[in-house]
Amino acid sequence: MVTESAEEYLEAICKLGEEGQPVALSALAKHLEISSVSANEMVRKLVERDLVLYEPYKGVSLTPAGRIQALAVIRRHRLWERFLTDVLGLSWDLVHEEACRLEHVTSPLVEERLAQFLGQPETCPHGNPMPTAAGEMTLEAGCPLAELTAGQRAIVLRVPEEDVALLRYLATLGLEPQVTVQVEAAAPFQGPLTVRVGEAQHVLGRELASQIVVRPL
């Protein structure tokens, strides 16, 4: 039986190491808002259970068994995010924390019925891919909006899910998954982008634009 705390670690390692790269303990501790000592202690326990591998000076990565556990948690989390937005009508900036609580108390039966009720969704409200019940997940390739040049158009794929203020701001701009955006101008020397969303124009800083993943058209 994997504890709720262990599930949080596995989920975080999976998200931070999306390309399969080891995750530094310092990055893991920062993401979970805990001390490096606490992170090191839990990683040691997960290594003993053959759920993660740890390489000194490189970081921690999931074993096949650990990845299956992590994707199961992520699937439950994203299904609940979908339910909370699509069925209960909560705004997308509120559902992450609620789903964090629900993901740990959801039985396999409820998970299955939830997925069926929602029509087997392929993404969460923020555009992140939905793991399958078989423990597989495919991340659609994209690039940061900040890399586009003037005149380029793209489809928004996904945005950060945990920054409440950022999500609220993006909603006011209409920058949501599956929306088409066009770069009208890109200032030199890492200056801001001017983008068009529908009939509206917005100016985005490069740091913000770098957090929005798009698929160029």
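Visitor: What makes Gln-178 count as exposed rather than buried?

Guide: In this predicted model, Gln-178 has a relative accessible area of 56%. The term exposed applies over 50%, so Gln-178 is exposed. Gln-178 sits in the loop that runs between helix H7 (164-173) and strand E5 (180-186).

Visitor: Why is Phe-189 called exposed?

Guide: The relative accessibility of Phe-189 is 84%. Exposed means over 50%, and Phe-189 therefore belongs to that class. Phe-189 is located in the loop between E5 and strand E6 (193-197). Phi of Phe-189 is also positive for a residue other than glycine, at a value near 55°.

Visitor: Why is Thr-149 called partly exposed?

Guide: Thr-149 has a relative accessibility of 46%. Buried requires a value under 20% and exposed a value over 50%; 46% falls in between, so Thr-149 is partly exposed. The residue Thr-149 belongs to the loop between strand E3 (143-144) and strand E4 (153-158). Between the C-alpha atoms of Thr-149 and Ala-115, which are 34 residues apart along the chain, the separation is 39 Å.

Visitor: How do you know that H2 is roughly perpendicular to H3?

Guide: Helix H2 (residues 25-32) and helix H3 (residues 36-48) pack at an angle of about 110°, and their axes are 9 Å apart. Roughly perpendicular covers 65 to 115 degrees, so H2 is roughly perpendicular to H3.

Visitor: Which residues of H2 and H3 meet, and what is the contact like by class?

Guide: From H2, Leu-25, Leu-28 and Ala-29 meet Ser-36, Ala-39, Asn-40 and Val-43 of H3. By class, the contact has five nonpolar, two polar and no charged residues.

Visitor: What makes Ser-36 partly exposed?

Guide: Ser-36, a residue of helix H3, has a relative accessibility of 46%. That value lies between the limits of 20% and 50%, so Ser-36 counts as partly exposed. The C-alpha atoms of Ser-36 and Leu-25 are separated by 6.7 Å, and the two residues are eleven residues apart along the chain.

Visitor: Why is Leu-46 called buried?

Guide: The relative accessible area of Leu-46 is 2%. Buried means under 20%, and Leu-46 is therefore buried. Leu-46 also lies in helix H3. Leaving aside neighbours within four places in sequence, Leu-46 is in contact with Ala-6, Tyr-9, Leu-10, Leu-51 and Val-52. Leu-46 and Glu-112 are 66 residues apart in sequence, with 27 Å from C-alpha to C-alpha.

Visitor: How do you know that the span of helix H1 (residues 4-16) agrees with what it should be?

Guide: At 1.5 Å a residue, the 13 residues of H1 should span 18 Å. The end C-alpha atoms of H1 are 18 Å apart, so the two values agree.

Visitor: Which residues of H1 are buried, and what do they pack against?

Guide: The buried residues of H1 are Ala-6, Glu-7, Tyr-9, Leu-10, Glu-11, Ala-12, Ile-13, Cys-14 and Lys-15. They pack against H2, H3, strand E1 (52-55), strand E2 (59-62), helix H4 (64-86) and helix H5 (95-102).

Visitor: What makes Ala-171 partly exposed?

Guide: Ala-171, in helix H7, has a relative accessibility of 33%. Leaving aside neighbours within four places in sequence, Ala-171 is in contact with Trp-92 and Glu-176. Ala-171 and Ser-91 are 80 residues apart in sequence and 9.3 Å apart in space, C-alpha to C-alpha.

Visitor: Which domains does the domain assignment give, and how far apart are their C-alpha centres?

Guide: The domain assignment of the protein gives domain 1 (4-62) and domain 2 (143-216). The C-alpha centres of domain 1 and domain 2 are 31 Å apart.

Conventions: Residues are numbered from 1 along each chain as its sequence is written. This is a predicted model: local features need pLDDT of at least 70, side-chain atom pairs count only at pLDDT 80 or more; totals for chains, interfaces and linings use all residues. Side-chain values use heavy atoms; hydrogens and water are left out. Domain bounds come from an automatic or database domain assignment. Helices (H or I, at least four residues) and strands (E, at least two) are DSSP runs, numbered from the N terminus. Buried means under 20% relative accessible area, exposed over 50%, partly exposed in between (1.4 Å probe, protein chains only). Axes are lines fitted to C-alpha atoms, for helices over the stretch in contact, and angles run from 0 to 180 degrees between N-to-C directions. Angles under 35 degrees count as roughly parallel, over 145 as roughly antiparallel, 65 to 115 as roughly perpendicular and the rest as oblique. Contact means heavy atoms within 4.5 Å. Ala, Val, Leu, Ile, Met, Phe, Trp, Tyr, Cys and Pro count as nonpolar, Asp, Glu, Lys and Arg as charged, and the others, Gly among them, as polar. The expected span of a helix is 1.5 Å times one less than its number of residues.
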